[in-house]
Amino acid sequence: MTDDKKSGTPKDQHYARLRRAHRDQKAGAPGQPSGFRPRPQTPPGEAPSDGLVRLYGLHTVRAALDNPRRKIARMLVTRNAAERLGLSDLSGFPFSTDLVEPKEIDRITGSDAVHQGVLLEARPLTPKPLEALGDTRLVVVLDQVTDPHNVGAIIRSAVAFDAGALVTTSRHSPTESGVLAKSASGALEHIDMIEVRNLSDALGKLHDAGFQTIGLDSEGPAEMETAFSGERIALVLGAEGKGLRQKTRETVSALVRLDMPGAIHSLNVSNAAAVAMYAARKYLK
């Protein structure tokens, strides 16, 4: 086995990258001057204890601090980040706060994480049942979309287009994490996350509640804009690559496609979700 093999723990992979960087430095990495020294990298530390999640980034932390449902255990913040967040007095919080140097947060998140000088350790938000959906007219349903970057980006768009909830399955969906929350850029605190065990049953309940369920599929028989009907819309999106599962395709009210006249006929799921939400919100006005 060579040290270039992409296997093992994140720390193993990190140290393999360092060894490759050292070889490149000695040999003269392409595009870099002789003797170039890359920024020292720090691998992620141990996971938080007691079921806590780590949230980082200015927008993410600001939204979490403003969310009364968010139970925070600890905050690490640099002087610069505290100023940018408007935190002049750290002693008034009902949880532990520490003024630290950026490298102390690097040791926890790893230096690849864009923490912007602030980190929270907090309890994850409790997902709600489908019965808590309320009277929203637009929801987004994800059929086993597992990439936390994509889910976070979808959450951000959902809040921007005033979707009332994001429905995911209890299995094959990412758990709340720093990566997901950072991708959502604070939006995680502004939307109801609904978790279901059986997506087909959940779609049936959405039908009973007056929702038209619109499944996005690159080979859908109708263009999306022509398929909307009724007063409530649930947009259903599948995972990258495999798309919607067969049972989901059979259960939704309509299968639709996005009209893409260019040379590429598919989008990243988070981009497709944003386009679909824009169109659905235009229809619902």
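Gln144 is buried in this predicted model, with a relative accessible area of 11%. You'll find Gln144 in the loop that runs between strand S5 (138-143) and helix H5 (148-160). Its backbone is worth a look too: phi of Gln144 is near 60°, a positive value in a residue other than glycine. Most residues other than glycine have a negative phi.

Gln116 also has a positive phi, about 55°, and is not a glycine either. This residue sits in the loop between helix H4 (102-109) and strand S4 (118-122). Is Gln116 buried or partly exposed? Gln116 is partly exposed, at a relative accessible area of 33%.

**Salt bridges**

Side chains of opposite charge can pair when their charged atoms come close. The count for this model is 10 salt bridges.

| Arg74 | Glu121 | 3.3 Å |

Start with Arg74 and Glu121, whose side chains meet in a salt bridge. Arg74 is in strand S2 (residues 72-77) and Glu121 is in strand S4, so this pair ties together parts of the chain that lie 47 residues apart in sequence. Arg74 counts as partly exposed at 27% relative accessibility, while Glu121 is buried at 10%. The pair also belongs to a network of salt bridges that links Arg54, Arg74 and Glu121.

Arg137 lies in the loop between S4 and S5, and Glu231 in the loop between helix H8 (224-227) and strand S10 (232-238), so the bridge ties together parts 94 residues apart in sequence. At 31% relative accessibility, Arg137 is partly exposed. Glu231 is exposed, with a relative accessible area of 54%.

How exposed or buried is Asp143? Its relative accessibility is 0%, so Asp143 counts as buried. Arg245, by contrast, is partly exposed at 31%.

**Around Glu176**

Glu176 is in the loop between S6 and helix H6 (178-184), and it is buried, with a relative accessible area of 16%. What does Glu176 touch, leaving out residues up to four places away in sequence? The contacts are Val53, Leu55, Arg70, Pro124, Leu125 and Leu188. With Arg70, the side chain of Glu176 makes a polar contact of 2.5 Å. A polar atom of the Glu176 side chain also lies 3.0 Å from the backbone nitrogen of Leu125. As for Pro124, its C-alpha is 6.5 Å from that of Glu176, although the two residues are 52 apart in sequence.

**Helix H7**

Helix H7 covers residues 199-208, and its buried residues are Leu199, Ser200, Ala202, Leu203 and Leu206. They span an arc of only 160° around the axis, which places them on the same side of H7. An α-helix has 3.6 residues a turn, so residues three or four places apart point the same way.

What covers these buried residues of H7? The cover includes S5, strand S6 (165-169), strand S7 (192-196), strand S8 (211-216), S10 and H9. At the N-terminal end, Asn198 caps H7, with a side-chain oxygen 3.0 Å from the backbone nitrogen of Ser200. Just after H7 comes Gly210, with a positive phi of about 95°.

**The nonpolar cores**

The largest nonpolar core has 55 residues, and the members touching the most others are Met75, Ile155, Ile214, Leu216, Leu235 and Leu237. Which helix gives this core its largest share? That is helix H10 (residues 269-284), with eight residues. A second, separate core has 18 residues, including Val141, Ile194, Leu244 and Val252.

Apart from neighbours within four places in sequence, Ile214 is in contact with Ala227, Phe228, Ile233, Ala234, Leu235, Val236, Ala254 and Val256. One of these contacts, Leu235, is itself among the core members that touch the most others.

Methods: Residues numbered from 1 in each chain as written. Predicted model: local features only at pLDDT ≥ 70, side-chain atom pairs only at ≥ 80, totals over all residues. Heavy atoms only, no water. Core = buried A, V, L, I, M, F, W, Y, C linked by side-chain atoms within 4.5 Å. Buried < 20%, exposed > 50% of the residue type's maximum accessible area, 1.4 Å probe, protein only. Helix = DSSP H or I, 4+ residues; strand = E, 2+ residues; numbered from the N terminus. Contact = heavy atoms within 4.5 Å. Salt bridge = Lys/Arg side-chain N within 4 Å of Asp/Glu carboxyl O. Arc of directions from axis to C-beta. Polar contact = N/O pair within 3.5 Å; in protein donor to acceptor, adjacent residues only side chain to side chain.
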